[in-house]
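Please read the numbered points with the sequence and the model at hand.

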Amino acid sequence: MKIFSAEQLHEADKITQEKQKITSLELMERASSRIFEEINNRLNGAEIKIKVFCGIGNNGGDGLVVARKLVREGYHVDVYVVNYSDKRSEGFLENYRTLKEDTKNWPVLLKSEDDFPEIKSNDFVIDAIFGIGLNRPLVEWVQKLIVRINESKAFKVAIDMPSGMLADEIIADQPIVEANYTLTFQAPKLAFFLPETAPFAGNVQIIDIGIDGQYLAENPAKAILIGEEQAASLYQPRSKFTHKGNYGHTYMVGGSYGMMGSMTLSSKAALRIGVGKVTAVIPQCGYDILQTSVPEAMVEVVPHDIHLADMKLELKKEDIVAFGMGAGTNEKSIELLTTLLNQVKTPMLIDADGLNMLSKYSELLELIPEKSILTPHPKELERLIGSWKNDFEKLDKVQKFSDKYKVTMVIKGAYTMTVSSDNIYINTNGNPGMATAGSGDVLSGVIAGLLAQGYDPAIAAVFGVFIHAKAGDLVVADTVPDALIASDITAYLGKAIRSLFEKPETKA
Ligand SMILES: NC(=O)C1=CN([C@@H]2O[C@H](COP(=O)(O)OP(=O)(O)OC[C@H]3O[C@@H](n4cnc5c(N)ncnc54)[C@H](O)[C@@H]3O)[C@@H](O)[C@H]2O)[C@@H](O)CC1
Ligand SMILES: Nc1ncnc2c1ncn2[C@@H]1O[C@H](COP(=O)(O)OP(=O)(O)O)[C@@H](O)[C@H]1O
Ligand SMILES: [K+]
């Protein structure tokens, strides 16, 4: 599913009105009716006090329509107009008039902190103060109102966006409504998925308001949300008359004394995702460990007992090399990375300490084979690209880095983002149980295994991230997140792929 910018969404509204020959007011009525239906279905006539906070733009207009419909349905509704400026939109003015005429409900005008109503914890708050039009810092009293709404602990539903949040930017230190639900029009917004802003949106539900399909199909997305259907379309099934040589050979290079588990986890995950052959390249101390715990893998040892050291690997031209899992950053290990970067022409996967080596010796960045995949967690990312002012700047910096070095970046987190120079793919499955040692090693094995099987690198990253997270979700369906350990994810990789092709009624 595509994610558009606020500017694109404003344009889409306009084009929809032109093509469907409807007025802005009619589109607002349509959109807000859907919001009303959602809320009404959930409240089901409950004797609850509803407080609707409306701005004076079109988001406020939506709030007024929803309020009017709720009053007509018999709910107890108080409407507050957050009078932050005198530039009232037509959609606001018209629906303000209709609300008063049709329902005799007179909104309360809020102009300063003195006017704030008491909000009780059992109130139901509808936030229609700002939508995608917010583009500058809020005046202080409106900030205070948002803080007051949040402090109330009332249940909060935001229309289109939680007020205070911008779709494509962050205003530092500005409060944002902490919505339990965000009912958003037509397409999700990028801010719903970034670590700094995502928690404010709560559960996001997308409300189809019939925006012009051609616009949505033809316009480039700001980012793409990956769903099951898309993931299923990326999968490459095996054909009957094939042999292990058709499924690639991946060299997993890493490990050091005390961190050999990273290599067993990543090597096993590569095998589970279907690679033909795995060779683990490790320090000598790991030989017995690897041969015993992953008997399907071959093992080559480097000329050192406890950490990696330089050596020449006999690689075929299509072999894939994954580097860094549990490697440590010993100088000798860096020599091996340098040798490999000079030798390997296929896309590599670089993770963990491999990334730390690249941060420390930035001249190595120039040697990374084109289309390689880097899989940093936030700390590793910061070492690579430096700090960032906010998550939008982070994405921007990652995209520039990706463009400069011609690599795909997998930014790991609750919502993992796969970033190439021209696309951002957002993954929303997975769960907090995966915040456990070694789950990143499993991901490295999965992506390297897919690369070796001939998946295009960006697809290997997007599909690998999705399947890894899906496997984590299937593990948790059988247990609790706390109990998940990284090797469980590997064990469920097969089920994760199978689940993409199961009919809905047979799904776990
Ligand atoms: N016909 C349409 O165009 C539709 C619009 N819809 C609603 O319209 C919303 C967008 O409406 P608007 O563009 O009127 O924007 P908003 O209602 O989000 O904001 C109102 C206006 O406030 C001004 N503003 C921005 N930041 C401010 C600040 N810090 N302090 C004071 N004023 C500030 C801007 O000029 C903005 O236009 C959407 O989020 C959605 O809720 C929906 O009704 C769907 C249809
Ligand atoms: N809260 C979460 N929700 C979903 N996925 C998560 C969550 N926390 C961690 N993960 C996933 O688990 C993996 C953790 O990777 P990483 O931090 O490198 O772990 P390690 O270094 O221990 O192997 C990433 O794929 C990340 O996306
Ligand atoms: K809002």
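This is a predicted model: local features need pLDDT of at least 70, side-chain atom pairs count only at pLDDT 80 or more; totals for chains, interfaces and linings use all residues.

1. In total, 27 residues surround ligand 1, and G57, N58, N59, G131 and G133 are the closest of them. By residue class, the shell around ligand 1 consists of 12 nonpolar, 11 polar and four charged residues.

2. Some overall figures give the setting. The protein has 508 residues, of which 48% count as buried. Its secondary structure amounts to 18 helices and 18 strands. The C-alpha trace spans about 85 × 45 × 45 Å along its principal axes. Of the contacts between residues at least 6 apart in sequence, 74% join residues at least 24 apart.

3. How is the protein divided into domains? The domain assignment gives domain 1 as residues 2-221, and domain 2 as 230-234 together with 245-502. The C-alpha centres of domain 1 and domain 2 are 42 Å apart. Where the domains meet, nine residues of domain 1 are in contact with seven residues of domain 2. The side of domain 1 that touches domain 2 is made up of five nonpolar residues, one polar residue and three charged residues.

4. Helix 3 is mostly covered, with 13 of its 15 residues buried. After helix 3 comes G74, which has a positive phi near 100°.

5. Helix 4 (residues 90-103) may be checked in the same manner. Which residues of helix 4 are buried? They are G91, F92, N95, Y96 and L99. Because these residues cover an arc of only 130° around the axis, they lie on the same side of helix 4.

6. The face of helix 4 turned away from the buried side carries R97 and E101, both exposed.

7. Two residues call for comment on backbone geometry. Most residues other than glycine have a negative phi. K104 belongs to the loop between helix 4 and strand 4 (108-110). Is K104 buried or exposed? It has 8 C-beta neighbours inside 10 Å and therefore counts as exposed.

8. N44 is not a glycine, yet its phi is positive, at about 50°. The loop that holds N44 runs between helix 2 and strand 2 (49-54). N44 counts as exposed because it has 6 C-beta neighbours inside 10 Å.

9. Y405 illustrates a link between separate parts of the chain. This residue is placed in helix 14 (residues 391-405). With 18 C-beta neighbours inside 10 Å, Y405 counts as partly exposed; the reason is that a residue needs 20 or more to be buried and 12 or fewer to be exposed. The C-alpha atoms of Y405 and E366 are separated by 6.7 Å, although the two residues are 39 residues apart along the chain. Apart from neighbours within four places in sequence, Y405 is in contact with L365 and I368.

10. The last point concerns ligand 2. There are 17 residues around ligand 2, and H377, G430, M434, A435 and G440 come nearest. Which helix gives the most to this shell? Helix 15 (residues 439-452) does, with four residues. The shell around ligand 2 divides into seven nonpolar, eight polar and two charged residues.

Note on methods:
Residues are numbered from 1 along each chain as its sequence is written. Chains are lettered from A and ligands numbered from 1 in the order in which they are written. A residue is near a molecule or strand if its C-beta atom, placed from the backbone, lies within 6 Å of it. Helices (H or I, at least four residues) and strands (E, at least two) are DSSP runs, numbered from the N terminus. Ala, Val, Leu, Ile, Met, Phe, Trp, Tyr, Cys and Pro count as nonpolar, Asp, Glu, Lys and Arg as charged, and the others, Gly among them, as polar. Domain bounds come from an automatic or database domain assignment. Two residues are in contact if their C-beta atoms, placed from the backbone, lie within 7 Å. The arc is that of the directions from the helix axis to the C-beta atoms.
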